[in-house]
Amino acid sequence: MPDEQPAESDALLECLSLLTRYYGNPYSRESLKSGMPLEGGKFTAEVFIRASERAGLVCKVHKRGISEISSLVVPAVLLLNKRKACILTEVDHSKGIAKIVMPETGEGTRSISLEELEAFYSGYVIYVREKHRYDRRTPQKLNVKSRHWFWGTIIGSWRIYRDVLLASLLINIFVVASPLFVMNVYDRVVPNQAFDTLWVLAIGAFIVFSFDFILKMVRSYFIDLAGKKSDILLSSIIMEQVLGLSMKAKPTSVGSFAKNLQDFESIREFITSSTVTALVDLPFTCIILFVIFMLGGPVAIIPLVAMIIIGLYSFLIQEPLKQSIDKTLRSSQQKNATLIESLSGMEALKIAQAESDIQYKWEKSVSHIATWSIKTKLLSSSATSFSAYVQQIANIGMVILGVYLISEGELSMGGLIASVMLSGRCLAPMAQIAGLATRYNQSKSALDGLNQVMAMPTERNDERDYVNRPDLKGSIEFDGVNFAYPEQEIQALRDINLKIKAGEKVAIIGRIGSGKTTIEKLILGLYEPEEGAVRVDGIDLRQINPTDLRSSIGCVSQDITLFYGSIKDNITLGANHVEDSQLLEAAEIAGVTEFANKHPNGLDMIVGERGQNLSGGQRQSIALARALLMNPPILVMDEPSSSMDNTTELRMKEQLKTRCQGKTLILVTHKASMLDLVDRLIVVDSGRVVADGPKDQVHAALKQGKLKID
Ligand SMILES: Nc1ncnc2c1ncn2[C@@H]1O[C@H](COP(=O)(O)OP(=O)(O)OP(=O)(O)O)[C@@H](O)[C@H]1O
């Protein structure tokens, strides 16, 4: 995008949201924004294009004057000056008027003269069209296969690679310049002492070499440019996939998963100039071989045989090479898993005095990696040395055969020298290819790993038509829900039937591991039931966009995770446009202000990674403030006061009582004191609901031992 283009504001988000409604597949602003790399919390044209793809639209930015915009392409989005945007719904060039919608003003469609529009139009327009969607009647195999995430992106730079090929063709033709020069000097200049010819030849060679130099520089610049473009695109595709992964596909080990993603590095290396140049040059060896044949006749057989031998050797070592690279990769993933786990649990390790166990695991992985990487290095260097060896033998062979041919008058001295020089150029890419096999196998393993990641299910399903419900009221229903965590045989929830009215205050109690948190996770749409349905406002959660759902739920989870940044950053995490008054109110209710005020930086105090600079209770306060910030209709809290002292808890309870009015509250707790907040108790045991009713009744039944809990 050119620099002179003005930065856009959230007007673009509003425009996109309106357009999704226009095309009959409405998306809320929250769901369009979710997971997008917003600049200062705002939409840019690039983000607009990415988000529109999610909503089934295809958009492209063009630089066009108003007079160039045809009435056939509306609705289109016009980027206006001062970070504004509008939707152009009609344009009539003959009358000089247009109809626009400025979503920010909330005015609806209005007519405007083209002259007036031109005054604040930036010159950039986004054309929008609907992507064709196949319905379920279309058999899968008839579906046009969407682009492969990796190859599709690489092919996206085909124009650059076409130019690279063209440059390579010329470079490879120029290769013959030097041997031809030497041949002519030996055969024509030296015997006849033709100094004029020598100078003409020298000037010709100089010009060719200069072009060759320039072309080589340009070629590697273009290859690196294409590589950089692909790298940026691929990295963001991978990150978007990772952040969108569904919880059921959540990797079992963060460390090894992270290593898997880091291995993208080897793919990046593979698409840089040194590798691509060798690959591109390979087919041109045939041209050089042909030139050797023209100059030296039968001598060309020798480099041909040498090429076949080198190729065969490279092919034969592929399998063992692949195996050792795979083993190295897997062990490195294991090593990374150990590293990440021990770093994040360092305190627990020290307390349990388990350092030596970890040290042992670590050393085992390291020695395993060392063994296999030695094998990998040995194999790949054997390929390089073998190619050099074959190349030398080929040279000697050519000289021997050449001498016989010269003695029979079938070859000139210059012809032999030129052929030997050319054979070097012809075998060089082969030798490089042998070395490249290692890189190829490394990239292939990394690509296989990433292919698996890209095939994992994500939360956003393009084939699903979500119901657009950004404003949920808060009634919750579990209808015959059975659920087991991925790869677990035992069900965590069994035949759960519950109806919670909007605004109701409910506590879920039960013994450890009984399934309370699991019920919450299902309400949050983090997992889907195996059988039955979870409904919010009567809509099956599978029908609600996860972003819309979660923006209607304030959640304090059992394991509170804070991120590096200030207290303020952590409270407003994921909520970009928050008034200071909103932030202060949430901080006050949750008791954050109380401890933040004691610190010189107040709410700007840095909490450290995972909030390690704070106490457990302080972390809980921040999580509570985060949950209350956007005033959501549903609050889900899992032991929100487990680390708080009695006074703080009492204060928080009082604040929550007023704040929770009209909201649905689901409270998971072991603390009897917290039950003041609720009117209804649900008792869960071994994944089943064993009691459900008004608080006093259930309490009484529990006291009298009428409820049997295993
Ligand atoms: N991510 C997970 N993967 C596999 N099994 C899980 C997972 N989380 C929980 N479980 C299992 O599901 C069951 C219910 O767990 P859940 O966390 O819902 O219990 P809980 O009632 O909230 O317990 P607590 O009071 O200790 O927090 C337990 O047997 C637990 O082992």
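Predicted model: local features only at pLDDT ≥ 70, side-chain atom pairs only at ≥ 80, totals over all residues.

**Entry: the hairpin**

I looked up β15 and β16 first. Strand β15 covers residues 680-685 and strand β16 residues 688-694. They run antiparallel and are joined by 6 bridges. Then I checked the turn. The hairpin has 2 residues between the strands, and S686 takes a positive phi near 45 degrees.

**Entry: domains**

I turned to the domain assignment of the chain. It gives domain 1 as 11-130, domain 2 as 150-455 and domain 3 as 476-704. I noted one spacing: the centres of domain 2 and domain 3, taken over C-alpha atoms, are 55 Å apart.

**Entry: the six-stranded sheet**

In which order do the 6 strands of the open sheet lie? I read β1-β6-β2-β3-β4-β5, with antiparallel pairing. The edges are β1 (57-63) and β5 (109-113). Each has a single partner strand, so one side of each is left without a neighbour in the sheet.

At one end I followed β4, residues 97-101, which runs antiparallel to β5 and is joined to it by 5 bridges. There I97 stands opposite S113 of β5.

Next came the helices on this sheet. Helix α1 (residues 11-22) packs on it and touches β1, β2 (76-80), β3 (84-92), β4 and β6 (121-130). The direction of α1 makes about 45 degrees with that of β3. Helix α3 (residues 45-54) also packs on the sheet, touching β1, β2 and β6. For α3 I wrote down an angle of about 155 degrees to β1.

**Entry: a helix pair**

I checked α7 (residues 177-192) against α8 (residues 195-244). Their axes are 10 Å apart and the packing angle is about 175 degrees. Angles over 145 degrees count as roughly antiparallel, so α7 is roughly antiparallel to α8.

I then listed the contact. From α7 it takes A177, S178, F181, N184, V185, R188 and V189. From α8 it takes T197, L198, L201, A205, V208 and F209. By class, I have 9 nonpolar, 3 polar and 1 charged residues.

**Entry: the four-stranded sheet**

I found an open sheet of 4 strands, ordered β8-β7-β10-β11, with antiparallel pairing. Its edges are β8 (493-500) and β11 (539-540). Both have a single partner strand, so each is left with one side that has no neighbour in the sheet. Strand β10 (residues 531-536) runs antiparallel to β11, and 2 bridges join them. I noted V536, whose bridge partner in β11 is I539.

I looked for a helix here too. Helix α17 (residues 516-523) lies across β7 (476-483), β8 and β10, at about 115 degrees to β7.

**Entry: the ligand shell**

Which element gives the largest share of the shell around the ligand? I found α17, with 3 residues. The ligand is surrounded by Y485, Q488, A492, G510, I512, G513, S514, G515, K516, T517, T518 and Q558. I sorted these by class and got 3 nonpolar, 8 polar and 1 charged.

How values were computed:
Residues numbered from 1 in each chain as written. Pairing = 2+ DSSP bridges. Contact = placed C-beta atoms within 7 Å. Axes fitted to C-alpha atoms, helices over the stretch in contact; angles between N-to-C directions. Near = placed C-beta within 6 Å. Nonpolar A, V, L, I, M, F, W, Y, C, P; charged D, E, K, R; others polar. Domains from an automatic or database assignment. Parallel < 35°, antiparallel > 145°, perpendicular 65-115°, else oblique.
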